[in-house]
There are 2 protein chains.
Amino acid sequence: MKYKQRAEMCANPTAKKLLELMNEKQTNLALAADVTTKKELLEIADTLGPEICVLKTHIDIIGDFDSDLIIQLQRLSEKHNFLFFEDRKFADIGNTVMHQYQDGIYHIADWAHIVNAHTVPGPGIIDGLKEVGLPKGRGLLLLAEMSSKGALASGAYTEKTIKMAQANKDFVVGFITMRQLIDDPCFINFTPGVQLAQGADALGQQYNTPENVIAKQKSDIIIVGRGIYKAADPVAEAKKYREAGWKAYTSII
Amino acid sequence: MKYKQRAEMCANPTAKKLLELMNEKQTNLALAADVTTKKELLEIADTLGPEICVLKTHIDIIGDFDSDLIIQLQRLSEKHNFLFFEDRKFADIGNTVMHQYQDGIYHIADWAHIVNAHTVPGPGIIDGLKEVGLPKGRGLLLLAEMSSKGALASGAYTEKTIKMAQANKDFVVGFITMRQLIDDPCFINFTPGVQLAQGADALGQQYNTPENVIAKQKSDIIIVGRGIYKAADPVAEAKKYREAGWKAYTSII
């Protein structure tokens with residue numbers, strides 16, 4: 001099913017907006033900006049923004065973070081038309097994640113269209129995040145599988161995660177997963193650990209190709225990090241991933 | 001086995017220091033300070049510091065965080081002799097948690113004696129954290145079980161977590177768990193969700209008593225939060241928990 005048709009079927013405003021954006025902009029590429037300075041993050045957002053549907057951030061690794069960074073990032077998101085996904089991997093009880101999502105220095109709920117959560121604490125984590133995020137029209141991804149070696153998110157863990165998503169379709173907009181888990185047009189599948197060549201890093205991260213992830217595993221969005229921003233020419237490299245991801249999508253619709 | 005004897009057997013300097021401190025100060029009470037302002041956190045650290053072995057923080061929910069908070073907290077930890085446990089629940093791949101542990105605004109590795117991590121990403125998360133924390137003599141707790149309703153950390157998940165701890169005894173100093181998981185004097189068991197009366201909150205957190213946790217389940221440290229700092233007289237309430245926890249400990253050694 002095309003992104004456009006799926007957008008029409010989804011109630012969550014963030015899911016709808018993302019699918020529309022992917023269709024219009026013709027990209028299913030998310031960039032993982034794992035950098036540690038404002039300057040690098042803003043440069044990535046401005047130069048690679050035109051190629052991507054989602055900018056995935058780790059706001060808590062930016063050493064010189066301040067509120068001006070958020071203002072500048074929001075302007076770039078409007079300029080280049082992409083959404084923010086703060087890869088916070090919430091993993092605590094409901095009462096705590098509510099604070100982590102809306103309070104503190106970062107006020108994540110005020111600017112991140114999408115966040116994600118582990119399901120290991122049980123469904124209370126979704127209840128807590130939803131209380132903050134749903135009134136703002138935000139979306140939540142559940143970590144159903146991970147790309148790292150020896151990950152424990154598999155089998156019954158993944159099955160229970162899918163059930164928690166189905167019980168919260170107003171707020172849960174998809175999964176972090178290696179593949180399409182269930183045939184539901186309103187769950188958007190994000191797959192990390194994507195590179196043009198297969199391989200692994202020294203700390204257990206394992207890589208897969210865009211073709212395999214989108215066309216074979218029926219995922220929706222490829223998340224690419226170091227493969228792009230550490231390349232000699234990041235824009236040219238982003239275009240390669242964008243084309244590979246889009247070609248894989250158009251080959252199966 | 002007594003805390004003192006266990007301290008002599010442990011190689012990790014943080015595990016050793018904590019067990020010695022618990023023995024000298026006669027307390028196995030950890031306070032969970034889930035507050036959102038500097039003022040509240042410093043007040044808790046100063047007034048309740050004399051009763052506790054560990055102050056458990058969520059530094060990322062403090063709205064007016066600045067580096068002065070860390071300096072003031074460190075002075076209070078010296079004044080009252082307790083350790084910091086930043087309840088960050090790291091839950092990402094090794095490369096990312098390295099940054100989250102040492103970089104960003106918080107520089108957690110520079111002040112938190114203890115941090116914790118979920119094992120769902122696989123053993124690479126321990127490798128990443130260890131690379132930062134071991135040279136500083138820090139200790140890591142693995143989340144082997146959770147106190148929230150419907151938690152997925154059980155059975156094979158918990159067993160695999162224990163194996164990861166055993167493979168990293170230089171850095172892993174214990175578990176977040178509801179009970180003693182293995183009979184190893186160098187793993188210190190921290191149990192959250194403790195109140196003087198059993199019960200639950202509206203977001204799935206479930207409570208257990210100090211007697212049950214320490215004497216029956218053979219855990220080592222009770223983590224108490226709202227039960228103490230939201231009481232009419234927090235110091236008096238902390239003393240009650242401290243006495244209940246210590247009495248339970250002395251009843252079984």
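Is B:Asn81 buried, partly exposed or exposed? B:Asn81 is partly exposed, with a relative accessible area of 33%. The views below are taken from a predicted model.

**Figure 1. B:Asn81, a residue with a positive phi in a loop of chain B.** B:Asn81 is not a glycine, yet its phi is positive, at about 60 degrees. The residue sits in the loop that runs between α4 (67–80) and β3 (83–90) of chain B. Its relative accessible area of 33% makes B:Asn81 partly exposed.

**Figure 2. A:Lys89, a buried residue with a positive phi in chain A.** A:Lys89 belongs to strand β3 (residues 83–90) of chain A. The phi of A:Lys89 is about 45 degrees, a positive value although the residue is not a glycine. The relative accessibility of A:Lys89 is 7%, and the residue therefore counts as buried. A:Lys89 also takes part in a network of salt bridges that links it with A:Lys56, A:Asp87 and B:Asp92.

Figure 3. Two copies of a chain are related by a rotation about an axis and a shift along it.

**Figure 4. The interface between chain A and chain B.** In this interface, 49 residues of chain A are in contact with 49 residues of chain B. The two chains bury about 3,800 Å² between them, and 61% of this lies on carbon and sulfur atoms. A:Val120, A:Leu152 and A:Leu203 supply 19% of the area that chain A buries against chain B, more than any other three residues. Four salt bridges are counted between chain A and chain B. Ten residue pairs are in polar contact across the interface. On the side of chain A that touches chain B, β3, α5, α6 and α7 of chain A each supply at least two residues. Helix α5(A) gives the most to that side, with six residues.

**Figure 5. A salt bridge between the chains, B:Arg88 to A:Asp60.** The side chains of B:Arg88 and A:Asp60 meet with an N to O distance of 2.9 Å. B:Arg88 lies in strand β3 of chain B and A:Asp60 in the loop between β2 (54–57) and α4 of chain A, so this pair joins two chains. Both B:Arg88 and A:Asp60 are buried.

**Figure 6. Two salt bridges within chain A.** Over all chains, the whole structure holds 34 salt bridges. One of the pairs shown here is A:Asp68 with A:Lys38, at 2.8 Å from N to O. A:Asp68 is in helix α4 (residues 67–80) of chain A and A:Lys38 in helix α3 (residues 38–48) of chain A, so the bridge ties together parts that are 30 residues apart in sequence. A:Asp68 is partly exposed, with a relative accessible area of 31%, whereas A:Lys38 counts as buried at 13% relative accessibility. The other pair is A:Lys136 with A:Asp110, whose side chains meet at 2.8 Å, N to O. A:Lys136 lies in the loop between α6 and β5 of chain A, and A:Asp110 in the loop between α5 (94–102) and β4 (114–117) of chain A, so this pair ties together parts that are 26 residues apart in sequence. A:Lys136 is partly exposed, at 39% relative accessible area, and A:Asp110 is partly exposed as well, at 42%.

**Figure 7. Helix α7 of chain A and its buried side.** An α-helix has 3.6 residues a turn, so residues three or four places apart point the same way. In α7 (residues 156–166) of chain A, the buried residues are A:Tyr157, A:Thr158, A:Thr161, A:Ile162, A:Met164 and A:Ala165. These residues cover an arc of only 160 degrees around the axis, so they lie on the same side of α7(A). The face turned away from the buried side of α7(A) carries the exposed residues A:Ala156 and A:Lys163. The buried residues of α7(A) pack against α6 (124–133), β5 (139–143) and β6 (172–176) of chain A, together with α7 (156–166) of chain B.

Methods
Residues are numbered from 1 along each chain as its sequence is written. Chains are lettered from A and ligands numbered from 1 in the order in which they are written. This is a predicted model: local features need pLDDT of at least 70, side-chain atom pairs count only at pLDDT 80 or more; totals for chains, interfaces and linings use all residues. Side-chain values use heavy atoms; hydrogens and water are left out. Helices (H or I, at least four residues) and strands (E, at least two) are DSSP runs, numbered from the N terminus. Buried means under 20% relative accessible area, exposed over 50%, partly exposed in between (1.4 Å probe, protein chains only). The arc is that of the directions from the helix axis to the C-beta atoms. Contact means heavy atoms within 4.5 Å. Buried area is the accessible area (1.4 Å probe) that two parts lose on being put together, summed over both. A polar contact is a pair of N or O atoms within 3.5 Å; within protein, one must be able to donate a hydrogen and the other to accept it, and residues adjacent in sequence count only if both atoms are side-chain atoms.
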